[in-house]
Amino acid sequence: MECETARNVMMEYLDGKPVDRGALEAHLSRCAECREAWERLARVEQLLREAPTVSAPMGFVGRTLAHLDRKRRIRRAVLGGLVLTTVAVGGGILGLGATVWGLSDLFEALGPLLRATLTLAPRLADVARTLLRSLCLTADALTAWLLLLAGCGLVAAIGANWIWWWVVRRVQAATISHP
Amino acid sequence: MDEALWIQQARAGNVEAFGRLVRAYQTAVYNLAYRMLGNRMEAEDAAQETFLRAFQHLDQYDPDRPFRTWLLSIAAHHCIDRMRRQKLTLPLDSDHRDGGEVDPEEMLIRKEAQEAVQRLLHRLPPTDRAVVILYYWYGESIREIAQTVGLTVSAVKSRLHRARWRMAQGLEIADGV
């Protein structure tokens with residue numbers, strides 16, 4: 001038996017497969033290098049087979065469940081915050097848009113009506129018309145700015161939530177690493 | 001042990017049922033983590049994280065597979081990732097106590113053997129270490145280990161053989177046997 005074959009046989013033997021032990025022992029009695037390797041392998045095998053299973057420390061279950069509970073609460077808080085912010089900002093944008101556009105349409109609709117009722121006082125009608133037109137223009141001009149502002153608010157809210165979530169995770173990781 | 005029922009209840013979010021699973025498998029998971037990481041604090045942290053991940057992903061558990069194998073798979077992968085992140089720099093514990101009343105001489109022999117085992121394991125790369133631990137401590141077959149760590153049967157076999165040779169060489173250096 002060659003050294004390489006002998007070493008393969010050693011591995012097969014340690015794997016629990018049937019091997020020709022006689023042939024291996026005959027080789028080991030002739031080859032000091034393989035014999036030494038076999039002795040070392042046998043010692044490692046013995047150490048590993050005899051090593052005990054290490055029990056979990058006292059209170060492990062309680063700590064694990066408390067950790068689980070903490071994580072769930074944090075997740076719920078973060079998710080709740082995200083949903084609330086998104087709903088609030090989204091609702092705000094919708095409400096703002098509806099209000100601005102609604103006012104604008106109302107002023108546009110009121111203009112001719114007022115003009116007709118104020119025919120007896122043309123000068124007053126002119127003033128009212130000018131006033132209404134400027135109000136409409138102002139509302140239209142404000143719409144874009146208000147929408148832009150609301151959009152920025154939405155982005156800021158999402159960004160703030162994302163940063164909050166990241167910080168919570170970091171703090172949580174630090175807490176887990178150093179309980 | 002009505003494990004299937006606990007798993008079903010835990011899947012529905014029942015923490016108490018999950019607690020029973022933690023109680024049943026705490027030693028299996030902790031021992032794997034301790035043998036992988038060689039450090040009690042890290043082992044507890046890794047074992048806790050294993051159970052948290054298991055709870056979060058219970059819907060992915062296949063009931064046709066043994067629950068222990070699934071859990072050990074999560075633990076092994078988590079420990080391998082952890083060791084890679086920490087670049088294997090964890091200090092080894094030298095004072096691990098298994099409990100029980102034994103005489104001081106016996107205790108010393110056990111302690112030396114424990115330390116020798118951890119030193120040998122510490123010589124192995126993460127995946128090879130997981131293969132050795134699953135083979136020697138959990139009695140898993142090569143095929144089961146392949147499933148647990150996500151390798152082919154031949155890859156597990158060659159890693160196990162390589163690990164044995166490496167530990168045998170390590171024994172010569174570290175323990176002068």
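At 49% relative accessibility, A:Arg49 counts as partly exposed, a class lying between buried (under 20% relative accessible area) and exposed (over 50%), with a 1.4 Å probe and protein chains only. The model is predicted, so local features need pLDDT of at least 70 and side-chain atom pairs count only at pLDDT 80 or more, whereas totals for chains, interfaces and linings use all residues. Residues are numbered from 1 along each chain as its sequence is written, chains are lettered from A and ligands numbered from 1 in the order in which they are written, and side-chain values use heavy atoms, leaving out hydrogens and water.

Over all chains, the structure holds 15 salt bridges, each a side-chain nitrogen of Lys or Arg within 4 Å of a carboxyl oxygen of Asp or Glu. One of them joins A:Arg49 to A:Glu45 at 2.9 Å, N to O. These two residues sit four apart in helix H3 (residues 32-50) of chain A, and are therefore separated by about one helical turn; helices here are DSSP runs (H or I, at least four residues), numbered from the N terminus. A:Glu45 is buried, with a relative accessible area of 10%.

A:Glu45 also forms a salt bridge with B:Arg164, with the closest N and O atoms 4.0 Å apart. This pair crosses between chains, B:Arg164 lying in helix H8 (residues 153-175) of chain B. A network of salt bridges links A:Asp15, A:Glu45, A:Arg49 and B:Arg164.

A further salt bridge brings together A:Arg63 and B:Glu44 (2.5 Å, N to O). A:Arg63 belongs to helix H4 (residues 60-117) of chain A and B:Glu44 to helix H3 (residues 40-56) of chain B, so this pair joins two chains.
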